[in-house]
Amino acid sequence: MCCESNMRFLLLYATQKGQAKAIAEEIWQQAGAHGLEADIHCISEMDKYDLETEKDPVVIVISTTGTGDPPDTARKFVKKIHDKTLPPDHFAHLQYGLLGLGDSEYMFFCNGGKTVDRRLQELGAQHFYDTGLADDCVGLELVVDPWIDGLWLALKEALQSKKEKETMNNAVDAVPSSLSTASHAVHELKLSSEVQNLKLEDEGAARGSGILSQKLDDINLVAPARDIEPSLVHSVPPVSQSALNIPALSPEYIEVEFQGTQGENPHLSSLISEGTTFEVPVTKAVQLTREDAIKTALLLELDIADTAFEYQPGDAFCVLCPNNVSEVEELLHILRLSEKRDDFVCVKVKQSTKKKGASRPQHIPERSTLKFILTWCLEIRAIPKKTFLRALVECTSDAGEKRRLQELCSRQGASDYTRFIRDSNVCLLDLLHAFPSCKPSLSLLIEHLPKLQARSYSVSSSNLYQPGRLCFVFNVVEFPAGPSRPVSRKGVCTGWLAELVAPLLHPIKNSLDTKGESPSTEEISIFPRPNNAFHLPADPSVPLIMVGPGTGISPFIGFLQHRQKLREQHTDWEFGETWLFFGCRHQDRDYLFKQLQCFLENETLTHLKVCFSRDSSTAEVAPPKYVQDILRLCAKEVARVLLKERGYFYVCGDKKHMADAVSDAIVDILSMEMETDRLEAMKVLAMLREAKRYLQDVWS
């Protein structure tokens, strides 16, 4: 049932992978329980709302993508509000609250939301509610849940304030002489509304349309023994003895129809919206690490000669990858759909759904086989969100399992959710093994599992040096078994690629299978993801420093190959000095590119500094272990390149354990060499970032 129009607010979301949309839908679902009506739209649907004439409060949920960009769905909106001809009071009438989503592992945390927030403020818009910045690194729900809890009172106050202004204006227009009486009446109305707000909050909690209160005596449970440790499937007091606040149940909106085995699956290119995909053969695979190395690093070479694929050194590209075959089969078995794996499924929206604006997810074809959906469309490894856990409760028959799932999605079980699901990288299969009475439907999986994302990799080659070839380097990701996950797993894409190129890596081992024939050429689907900044300086005379331990060296191989070719082709050009700082665990096990010496010999590379963190040393003075340590030893040269010669500084690799440490080292170096305090040094580093002379390509 719709609420009165005077309790309406506009709800906009800008999403890249579906997080912001899911949170906005949660707000929309809860709104009714608080006597409010949310008018929800994707921020890209600018024909369905108009901020320039909007009178009601606006709530915006926006994520961040890439290295701090607003999501693709917000690009047109951001461009529109950054029109320099807009006056500073353009949005003076607008009241809004903004929830930004981001990951503090990355430098420009929540920058998508901050960009929109800052610009709306510059154009005169006013906050009716404080901006929330949720961090996916520690758990979005730690900010999202309390932010939503506080939103309702703020919205009611904003709507009441709007109503008071309208009442005041009407009173002034009708009876100018009775201004004081009107003011007194409005004051009484405001006090009354505050009492009513409190009553609404209490009634809303009791009704549970938005939040359910689950009492312990609703189900019969045997109290766990005192010595039992909490786990994915077991809780201990106080959680096990608490009444629970759990999310509202999302309305079902998808229905599926099985239609036999006749037909063809859609082409993989139809699954992406980023542009053209290219099917290219893998022509070479090399294991760069020794068998006894802690991580396995592979280099793959792709043949792009017969395609229109273009790239520059420093760019990235994306690989379309499938889910693991055995995991798909296991899921089919648990869902009791193994016999229907090759049946075509028609996916459509339920006509009777209560979900507003429901539509078939864009990443799900209207018609394809069940196996295609589970293999290429759904991220079955995704960490289940609390709304998904809430839906799984309804599919679970065992009372104890049902209660534990309720705990894991509840407010009271937030720390258990973080510990046993989020931090343990638990996926749907893990849950279905842990809670065997849980039997979700296919339609529920389509509703709650996100899109299987293409995986991004840095280019490790130069088209100038190797025409028609594209190389990239990656570690085969390993997820060890643990209490919440009984089996070890490899990364979705890296595990698939490693299996795919095994015949190229071990031709002798596979020769018996191929009876002397050369291994078959495997193809993968890729699409470009250009990097707007992480490129060589346009002026080759500018010096550069590259820091890339482990596979972080990948883009710098392309840099050096490109620079070598330019030196060969343009002998009259002046080239700046080049520094490379590389590190790994063991010199004899995972020194990925020992041919770096060749770049030194032909003077493409001026300085090569390496370190090995796990190798023992008998030297009196211990050698540096990490790249940040070698940087400090070269402090004067680093400061000279950055400050006097206006050089460029590049960092590639792990964000949490390396890039932040390198940033701290640079602050220390600048502070020492400039003879100033750390604050001033941090300002200089910020200026280098702003000038695009301190550049990062990092991952968590």
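Student: How many residues of helix α7 are buried?
Tutor: In this predicted model, six of the eight residues of α7 (residues 370-377) are buried, where buried means under 20% relative accessible area with a 1.4 Å probe and protein chains only. Residues are numbered from 1 along each chain as its sequence is written, side-chain values use heavy atoms without hydrogens or water, local features need pLDDT of at least 70, side-chain atom pairs count only at pLDDT 80 or more, and totals for chains, interfaces and linings use all residues.

Student: Which ones are buried in α7, and what covers them?
Tutor: They are Leu 370, Phe 372, Ile 373, Leu 374, Thr 375 and Cys 377, and what covers them includes β9 (254-258), α6 (325-334), β13 (344-349), β14 (367-369) and α12 (442-448).

Student: Switching to α9, what caps its N-terminal end?
Tutor: Asp 398 does, with a side-chain oxygen 3.1 Å from the backbone nitrogen of Gly 400.

Student: And how do α8 and α9 pack?
Tutor: Helix α8 (residues 386-393) and α9 pack at an angle of about 160 degrees, with their axes 9 Å apart. The two are therefore roughly antiparallel, a term for angles over 145 degrees.

Student: Which residues meet there?
Tutor: Lys 386, Leu 389, Leu 392 and Val 393 in α8 meet Lys 402, Leu 405, Gln 406 and Leu 408 in α9, where contact means heavy atoms within 4.5 Å. By class, this contact has five nonpolar, one polar and two charged residues.

Methods
A polar contact is a pair of N or O atoms within 3.5 Å; within protein, one must be able to donate a hydrogen and the other to accept it, and residues adjacent in sequence count only if both atoms are side-chain atoms. Helices (H or I, at least four residues) and strands (E, at least two) are DSSP runs, numbered from the N terminus. Axes are lines fitted to C-alpha atoms, for helices over the stretch in contact, and angles run from 0 to 180 degrees between N-to-C directions. Angles under 35 degrees count as roughly parallel, over 145 as roughly antiparallel, 65 to 115 as roughly perpendicular and the rest as oblique. Ala, Val, Leu, Ile, Met, Phe, Trp, Tyr, Cys and Pro count as nonpolar, Asp, Glu, Lys and Arg as charged, and the others, Gly among them, as polar. Buried means under 20% relative accessible area, exposed over 50%, partly exposed in between (1.4 Å probe, protein chains only).
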